[in-house]
Amino acid sequence: MTEDAVVDVPERDLLTIGAFAARARLSAKALRLYDRLGLLSPAHVDEATGYRYYRADQVERARLVAMLRQLDMPLARIAEVVAAGDGPTAAGLLGAYWADVEARVAGQRTLAEYLRGRLSGRSSEMYQRFAVETVDVPGQVVLSETRHVLAGELPAWIGASLGRLESAARECGGVTAPPFVVYHSEVSMESDGPAEACVPVADEAAARAWVERHGRARGTKVRVEPARRLAFTRITKAQVAHPQIMAAFEAVEEWIAREGLEQAGPCREVYFADWGAAGAEDPVCDVAFPVS
């Protein structure tokens, strides 16, 4: 039987909702809400009057629910914590939730600083941190996967899709150049691209045969990427995070305009380093635009 299950208890041993609310330092309105949400049900409800009664030992649970709600914890996660009871499991659930909160706040803090820089006219200062160069890239055959994906899903998708394509490349003569991701339209919290993960391979015929045998489930394709000149800036693993990477893209765009060049295709990220082995300050990625 759960702690807040409705049971037959002598009425003299129960607290009215008003008395219980006072003891729990909550309002009767909050208690009715917790009941409606399935977080804390009365021990007894009078069928004739509808009056709600609580046990004294439900006070701590009521206070716990109230405090968890002050942390803006989603209702489903509150239910998991209170169901776990006191102990390391409940503490672990709370710890995991708070780690998520701190990561989100850290990202928002960085974004706010980035936006303050833009709004205060300091964009040029931010862009000066990025050295922009050009490189000529020969034509190459690539295995690719394309997906509509939002910004929050992007890191996991990039890792998974490039992993699948690199595995397939072993049957297609091997990987011949750094993998890259092309953004055919904006990817943000509201816009879902699409994005295209690409792995250059050595053997076009083998790649097409592999796609014919295995590629349909993931929509894997083979295409020939033409020779291009890229304007790019090299960034560290820490700078790949949003919004630092936005500043890198904008720095390259500003450089292209200042040099009198034109963008000749969608922007991309070229991953040339071992992501798992790289430290936060290690260069891992080129943010690039085709130019003419």
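Predicted model: local features only at pLDDT ≥ 70, side-chain atom pairs only at ≥ 80, totals over all residues.
Eight strands make up an open sheet. Their order is β4-β9-β11-β10-β6-β7-β5-β8, with antiparallel pairing. The edges are β4 (132-137) and β8 (221-225), and each of these pairs on one side only. On average, neighbouring strands are turned by 35 degrees against each other, direction ignored.

One pairing can be followed in detail. Strand β9 (residues 228-236) and strand β11 (residues 283-291) run antiparallel and are joined by 8 bridges. T236 stands opposite P283 of β11.

## Helices across the sheet

Helix α7 covers residues 154-169. It lies across β5, β6 (180-183), β7 (195-201) and β10 (268-271). Its angle to β7 is about 25 degrees.

Helix α9 covers residues 244-258. It lies across β4, β9, β10 and β11. Its angle to β11 is about 35 degrees.

Q140 sits in strand β5, which spans residues 140-147. Its relative accessibility is 15%, so Q140 counts as buried; the cut-off for buried is under 20%. Leaving out residues up to four places away in sequence, Q140 touches A177, F180, P200, R223, V224 and E225.

## A nonpolar patch

L71, L94 and W98 make a nonpolar surface patch of about 230 Å². L94 belongs to helix α5 (residues 88-119). L94 has 32% relative accessibility, so it counts as partly exposed. Patch residues need over 30% relative accessible area, and L94 has 32%.

Note on methods
Residues numbered from 1 in each chain as written. Heavy atoms only, no water. Patch = residues over 30% accessible without salt bridge, like charges linked within 9 Å, V, L, I, M, F, W, Y side chains within 5 Å. Areas by Shrake-Rupley, 256 points an atom, 1.4 Å probe, with all protein chains shown as cover. Salt bridge = Lys/Arg side-chain N within 4 Å of Asp/Glu carboxyl O. Helix = DSSP H or I, 4+ residues; strand = E, 2+ residues; numbered from the N terminus. Buried < 20%, exposed > 50% of the residue type's maximum accessible area, 1.4 Å probe, protein only. Contact = heavy atoms within 4.5 Å. Pairing = 2+ DSSP bridges. Axes fitted to C-alpha atoms, helices over the stretch in contact; angles between N-to-C directions.
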